[in-house]
Amino acid sequence: MTTTLETFQSLFNGNTKNKSYRTDSGKVHTIDWNVDGSRLASGSLDKSVVIFAYDGKGSMVKDRTYREHGEEINQLAWHPSISHYVATASGDRLVKIFDTRTDRSSTTIETKGENINLAWSPDGTTLAVGNKDDLITFIDVKTSKIIREEQFRYEVNEISWDRSGNLFAVTTGHGSVVFFDAPGIQKEKDKPLEELHCLTAHTGNCICLEFDTTGKYFAVGAADASASIWDVSQLVCLTVLTRIEWAVRGLSFGHQSQLLALASEDPYIEIAKVDTGERVYALKCDAQTLAVAWHPKASVLAYVQDDDSGSVRLFGVLD
């Protein structure tokens, strides 16, 4: 009887292709698929944002390029339910929202520091933006106004809401993941965020964090050359992936939450089963990987490497 692991291994070993698409930009830092998988966005060291249109069969064409930021694009993220809105965080202290049906940004918000990460709330009403000074700024998307600023006394690396919208999570330089009361972001703006849980997740700096689309799992990548997979409801660790040898820089759950891809300083991308942690595939790379992003509806992985090619690569079942 063929197991799920063997089925996945057979799929990736026998039916996959690898394609490369140039952005005509500098080194790409960040990538993300929109909610329906029709667009892929990339943000680069040369301050540009590139939007690719995806045909659903494994091919992309460049649709738009935006050059409105004054510094590098450190992170971008699509709106959780509206397929044409993407937000960007840059070192120029600006947050921008682009309506990708048009040629210019629709919203610009000035913040207090060099922005390095951002996240949408699940309902799309709030943007959280973190900067190099560990200040998180919360923005009301409808009014484009800052509604809260939260200064942390420890290093904050990644920020995210869980899928229910009840928890707001940050990864820290102490190897922990801290969860806060997310509804309090809007309701009690004059009080510090209420800390609900603090999980000691890794022995090294926790760098990245991602929740799966079902709301059942989250994964943490760390500088101790490992990634952990957790149960959201119980906040217990299910498995730890330790096959890699260098820091984990990015994570992405597959569209059915059965696979997890790891971007690390190793010369390959680790693809593992979520429930067991077993290796499904090791995708060889020419350089360390900076970001990975599974397509929301297909077995197609987008990734970028630490090189100057300005390319976005697709790996998977491509016609």
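This is a predicted model: local features need pLDDT of at least 70, side-chain atom pairs count only at pLDDT 80 or more; totals for chains, interfaces and linings use all residues.
**Exercise 1. Which residue of β11 stands opposite Ala119? Describe the strands around this pair.**

Solution. 
Step 1. Find the partner. Ala119 faces Ala128 in β11.
Step 2. Look at the pairing. Strand β10 covers residues 115-120.
Step 3. Look at the connection. β10 and β11 form a hairpin, with 5 residues between them. In the turn, Gly124 has a positive phi of about 75°.
Step 4. Check burial. In β10, 5 of the 6 residues are buried, so the rest of the structure largely encloses this strand.

**Exercise 2. In what order do the strands of the open sheet with β2 and β5 run? Work out its edges and one of its pairings.**

Solution. 
Step 1. Read the order. The open sheet has 4 strands, arranged β2-β3-β4-β5. Their pairing is antiparallel.
Step 2. Find the edges. These are β2 (28-33) and β5 (60-66), each of which pairs on one side only.
Step 3. Take one pair. β3 (residues 39-44) and β4 (residues 49-54) are joined antiparallel over 5 bridges. Arg39 is opposite Ala53 in β4.
Step 4. Recall the general rule. Strands of a sheet pair through backbone hydrogen bonds.

**Exercise 3. Which residues of helix α1 are buried? Show where they sit and what they pack against.**

Solution. 
Step 1. List them. Helix α1 spans residues 4-14, and its buried residues are Leu5, Phe8 and Phe12.
Step 2. Look down the axis. The buried residues fall within an arc of 70°, so they line one face of α1.
Step 3. Turn to the other side. There, Asn13 and Gly14 are exposed.
Step 4. Find the packing partners. The buried residues of α1 pack against β23 (259-264), β24 (268-273), β25 (279-284), β26 (289-294) and β28 (311-316).

**Exercise 4. Is Glu68 buried or exposed? Trace its contacts.**

Solution. 
Step 1. Glu68 lies in the loop between β5 and β6 (73-78).
Step 2. Apply the cut-off. Buried means under 20% relative accessible area. Glu68 has 18%, so Glu68 counts as buried.
Step 3. Find the polar contacts. The side chains of Glu68 and Lys96 are joined by one of 3.4 Å. Another, of 2.5 Å, links the side chains of Glu68 and Ser105.
Step 4. Widen the view. Beyond four places in sequence, Glu68 touches Lys96, Phe98, Asp103, Arg104 and Ser105.

**Exercise 5. Where does Thr100 lie? Find its surroundings.**

Solution. 
Step 1. Thr100 is in the loop between β8 (94-99) and β9 (105-110).
Step 2. Check burial. Thr100 has 6% relative accessibility and counts as buried.
Step 3. Compare sequence and space. Thr100 and Tyr66 are 34 residues apart in sequence, yet their C-alpha atoms are 9.5 Å apart.
Step 4. List contacts beyond four places in sequence. Thr100 touches Ile51, Asp63, Arg64, Tyr66, Trp78, His84 and Val86.

**Exercise 6. Which is buried and which partly exposed: Ser144 or Ala225?**

Solution. 
Step 1. Start with Ser144. This residue sits in the loop between β12 (135-140) and β13 (145-151). Its phi is positive, about 60°, although Ser144 is not a glycine. Its relative accessible area is 26%, so Ser144 is partly exposed.
Step 2. Go on to Ala225. This residue sits in the loop between β19 (217-222) and β20 (226-231). Its phi is positive, about 65°, although Ala225 is not a glycine. At 14% relative accessibility, Ala225 counts as buried.

**Exercise 7. Which residues does UniProt list for "repeat: WD"? Describe each span.**

Solution. 
Step 1. Read the record. The unreviewed UniProt entry lists residues 66-108 and 199-233.
Step 2. Take residues 66-108. This span is 0% helix and 53% strand, and its end C-alpha atoms lie 13 Å apart.
Step 3. Take residues 199-233. Here the chain is 0% helix and 57% strand, with end C-alpha atoms 13 Å apart.

Key: Residues are numbered from 1 along each chain as its sequence is written. Side-chain values use heavy atoms; hydrogens and water are left out. Two strands pair if DSSP finds at least two bridges between them. Helices (H or I, at least four residues) and strands (E, at least two) are DSSP runs, numbered from the N terminus. Buried means under 20% relative accessible area, exposed over 50%, partly exposed in between (1.4 Å probe, protein chains only). A polar contact is a pair of N or O atoms within 3.5 Å; within protein, one must be able to donate a hydrogen and the other to accept it, and residues adjacent in sequence count only if both atoms are side-chain atoms. Contact means heavy atoms within 4.5 Å. UniProt positions are given in the numbering used here, feature names are shortened, and annotations may be inferred rather than shown by experiment. The arc is that of the directions from the helix axis to the C-beta atoms.
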